[in-house]
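Me: Could you take a close look at the annotated site in this model and walk me through its surroundings? Please spell out the cut-offs as you go.

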Amino acid sequence: MAQRKKGQVQSSAVGEEAATHTSAAPRPHVSRCSAESKQWETVALTLQGGGALGAYQAGVYEGLFEAGVAPNWIAGISIGALNTAIIAGNAPEHRVARLREFWETICQPAYTPPLPPFVEHALFNSGDAVRKTFTAMQAAGALVEGQKGFFVPRFPPPLPNASGHPEKASYYDTKPLKATLERLCDFDRINSGETRVSVGAVNVGSGNFVYFDNRTTVLRPEHFIASGALPPGFAAVEIDGEWYWDGGLMSNTPLYEVIQTTPRRDTLAFQVDLWSARGPVPDNITDVQGRMKDIQYSSRTRMVTDMLQRSQRFRHVLREVLERVAPDHREDPWVALADELSCSKQFNVIHLIYRHKEYEGHFKDYQFGISTMREHWESGLQDIRASLSQPGWLDKPDNDAGFVTHDIHRDRVVR
């Protein structure tokens, strides 16, 4: 119980200032969204990996909270797993404050004092050239000294061919992250089952992708840290005799796990992506590296969504056909098999996709600046507010697939 009390302390003065900046009067769609979300058996929040971009997900959660939409299943990978721990590990009324405390902590240098707020603000809001230089320096700082409460460089650094223990085979040490999660999260609450929690990781020895789920596993800080242990920056994490790396190495979106789970349930899923598949064609080597990351980490989301929509359409159509089968054929083994494979459940996926900013470089996933973080957060908040204000977007689909997706940044709704 001591952890829970500790997780309920008031946020810092900086956090209160930022909360005031992004807060708004109650919006007219709030009561509608809260009521419409309750028609679904599962309301899922699925959080992609993307490092420093993860503040966008915190903004999305703030918008869901203010609209009265309460996820009962949160699934995350990498930084999405860390946000999952903060959200699920606190009472609903404290989650936004704890998210802000988490992000304001890890967006400070590990050792050197942070810049005075007015200097940070002035540099970030200068012209494009100054902003690009400033954010590049912040990214370089993350590489050199790490981030407070998150990771620090190993000293001495590991030699490329020197054998040692797997937990030290990395350039950075994430012990500070374990202390941060223990301070900000109540793991008794996470394991209570009031919210389903799933985080993805890769078994280093077998190469298999696994989900740690609080329905089958008692989740500890190590499970969340393992989900974000991206090599060679971060070392593999040992859990029950096995070693795990970042789940984003194989699949950067937890959406498949949520939609394909059995028994299937009517599901409203908010899929929060940090990498956009759409973007400009780069014309220099630096931008090529950034665009590669966008495509690499976002492509699975589109592929998974399209595949899930097609497979659900087959199940849904099969269910409709079975309704027209005469009763005297119900005992036929093929009909029984078809009945087992069919599904009448319905799915609605709301895509929230972070959009690349002009000033961002290939280092945007490890550029942990306070001003950048706040801009990411505000982008997520505005995107979810815009999405929830669309009439009918939380409704169940009326098409033959029983599956619909929405994306506020796209010109049309895919049905």
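Reply:
**The annotated site and its surroundings**

UniProt, in an unreviewed entry, lists Ser-78 and Asp-246 under "active site"; its positions are given in the numbering used here, feature names are shortened, and annotations may be inferred rather than shown by experiment. The two are spread over 169 residues of sequence, yet they cluster in space, with a largest C-alpha distance of 5.9 Å. Both Ser-78 and Asp-246 belong to the lining of the second largest pocket. Pockets here come from a 1 Å grid over the protein atoms alone: a cavity is a set of points where a 1.4 Å probe fits but cannot get out, while a pocket is an open set with protein on both sides within 12 Å along at least five of seven lines, and lining residues have an atom within 4 Å of a point.

Before going on, keep in mind that this is a predicted model, where local features need pLDDT of at least 70 and side-chain atom pairs count only at pLDDT 80 or more, though totals for chains, interfaces and linings use all residues. Residues are numbered from 1 along each chain as its sequence is written, and side-chain values use heavy atoms, with hydrogens and water left out.

Now for Ser-78. You'll find Ser-78 in the loop between strand E2 (73-77) and helix H5 (79-88); helices (H or I, at least four residues) and strands (E, at least two) are DSSP runs, numbered from the N terminus. Ser-78 counts as buried because its relative accessible area is 13% (buried means under 20%, exposed over 50%, partly exposed in between, with a 1.4 Å probe and protein chains only). Setting aside neighbours within four places in sequence, Ser-78 is in contact (heavy atoms within 4.5 Å) with Gly-49, Ser-227, Gly-228 and Asp-246.

Asp-246, for its part, lies in strand E8. Its relative accessible area is 3%, so Asp-246 is buried as well. With neighbours within four places again left out, the contacts of Asp-246 include Ile-77, Ser-78, Ser-227, Gly-228 and Leu-230.

Leu-230, Leu-249 and Met-250 make a nonpolar surface patch of about 230 Å². Patches are made of residues with over 30% relative accessible area and no salt bridge, joining like charges within 9 Å and nonpolar side chains (Val, Leu, Ile, Met, Phe, Trp, Tyr) within 5 Å; the areas come from the Shrake-Rupley method with a 1.4 Å probe, and for residues only the protein chains shown count as cover. Met-250 sits in the loop between strand E8 (242-246) and helix H12 (255-260). At 33% relative accessible area, Met-250 is partly exposed.

A quick word on charges elsewhere. Side chains of opposite charge can pair when their charged atoms come close. The structure holds 22 salt bridges (a side-chain nitrogen of Lys or Arg within 4 Å of a carboxyl oxygen of Asp or Glu). One of them joins Arg-131 and Glu-375, at 3.9 Å from N to O. This pair links distant parts of the chain, 244 residues apart: Arg-131 is in helix H8 (residues 128-145) and Glu-375 in helix H15 (residues 370-388). Arg-131 is buried at 14%, whereas Glu-375 is partly exposed at 23%. There is also a network of salt bridges linking Lys-178, Glu-182, Arg-220 and Glu-222.
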